[in-house]
Each structure stands twice: as structure tokens, then as C-alpha cells.
Amino acid sequence: GLDEWELTVQTHGQATRFRPAGQMLAELASDFVELQRLLERRHSSSALRRLTRATAQMAGLMFLTLIKLNEPLAARNWARTARVAADEAGDNTVRSWVRAQEAYVHYYAGNLAEAVTVARQAQSLAGRTKCVGVPLAAALEARALGAQGNRAEAEVALSRAETTLFALDS
């Protein structure tokens, strides 16, 4: 059911903290195939939106795992998939999170200017909604700005990351 898929996504998200990337990749790929099969069936519009949201999140976890495995091209492709699915789902919190995570793809590829741009887009997408994408994006923005030698803007972004992080629910 849909609740089970949302729990699966949450479980995978928590596992990224301790599970080796190679193992994560295998598990995500297996679940993604199953999710893809489920998406091929007919669904109500609300069910389809929830499944599309889960797809965006799973694709986001996939590209994070590929970054850890030093597979930037594959990560970029999965980032695109995550972005499209998040846009289709119409959930700004997921859109913000996906873009924040995508900023890491650009950062680790050495494209600091694009990392800053995408991190700022992630924060903008959230609007006034409190969500994890904002502090995640602001922290990456600070990191990229610092690497560019832009200390003043990096400190502003870091402050925003801290403020928005502490404003989140546990």
C-alpha cells in the first residue's frame, strides 16, 4: 500500500546514515524496480501523487548513494529523474529537498557556482514552509561560497542554515 511505500522511503532515508553505499544501491535499485511496476498500474489521482512523491524521494536517495560511490554522471541522471518526479508530485517540500540534494552533485563535481544557484533555488522553492530542504541547501550554499572565498555570504548562508534547522520539528 501507499503507507508502506512512504515507510520504505523513510527507512531508506534513515539507513543512508549507517548503511554502506554499495548495499544501499542494491536495496534502492530493487525497491525502485518494484515501485516502477506499481506506477504502471491505474491509480486515483491522490494515490498517483503519493507514488510520484515516493518516486522523487527514492530517486533522490539513489543519486545521493551514487555520489557516495563517486559516480557523478549516474548521480546527475538520477537527480534529473528526482527533480521531474518532485515537480510532477507538486510537493514543494520534496522539490526543495531534491534541489538541495542536487546541489551536492554540482558541489562534488567542482561546479561551485551551479551548486550555489541550485541551493538557492531549493530554499526559494520551500517558500515559508519549514522543511529540511532549506537548512540542507543553506549549509551547502555556505560550503560552496566558502570554497569560492566569499566569506561574508558564506556566513550569512551558514546563519540561515542554523536558524532554519532549529526551527524544524524533531
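A pocket here is an open set of grid points with protein on both sides within 12 Å along at least five of seven lines, and its lining residues have an atom within 4 Å of a point. The model is predicted.

**Largest pocket.** The largest pocket is lined by 23 residues. G13, R17, Q57, W97 and V132 lie nearest its centre. The volume is about 900 Å³. By class, the lining splits into 9 nonpolar, 8 polar and 6 charged residues.

**Around T16.** T16 sits in the loop between α1 and α2 (21-39). A polar atom of its side chain lies 2.6 Å from the backbone oxygen of G13. G13 is also one of the residues nearest the centre of the largest pocket. Leaving aside residues up to four places away in sequence, T16 touches M24, L61 and K68. T16 and E71 are 55 residues apart in sequence, and their C-alpha atoms are 16 Å apart in space.

**Aromatic rings.** The count comes to 3 aromatic pairs. Y107 and Y108 form one that is edge-to-face, with 5.2 Å centre to centre and 85° between the planes. Ring pairs link Y104, Y107 and Y108 into a cluster. How do Y107 and Y108 stand, buried or partly exposed? The table gives the state of each.

| Residue | Relative accessible area | State |
|---|---|---|
| Y107 | 16% | buried |
| Y108 | 49% | partly exposed |

Y107 counts as buried because its 16% is under the 20% cut-off.

Methods. Residues numbered from 1 in each chain as written. Predicted model: local features only at pLDDT ≥ 70, side-chain atom pairs only at ≥ 80, totals over all residues. Heavy atoms only, no water. Phe/Tyr/Trp six-rings, centres within 6.5 Å; stacked < 30°, edge-to-face > 60°. Buried < 20%, exposed > 50% of the residue type's maximum accessible area, 1.4 Å probe, protein only. 1 Å grid on protein atoms, 1.4 Å probe; cavity = no way out; pocket = protein on both sides within 12 Å on 5 of 7 lines; lining within 4 Å. Points joined across faces, edges and corners; volume = space filled by probe spheres on them. Nonpolar A, V, L, I, M, F, W, Y, C, P; charged D, E, K, R; others polar. Helix = DSSP H or I, 4+ residues; strand = E, 2+ residues; numbered from the N terminus. Contact = heavy atoms within 4.5 Å. Polar contact = N/O pair within 3.5 Å; in protein donor to acceptor, adjacent residues only side chain to side chain.
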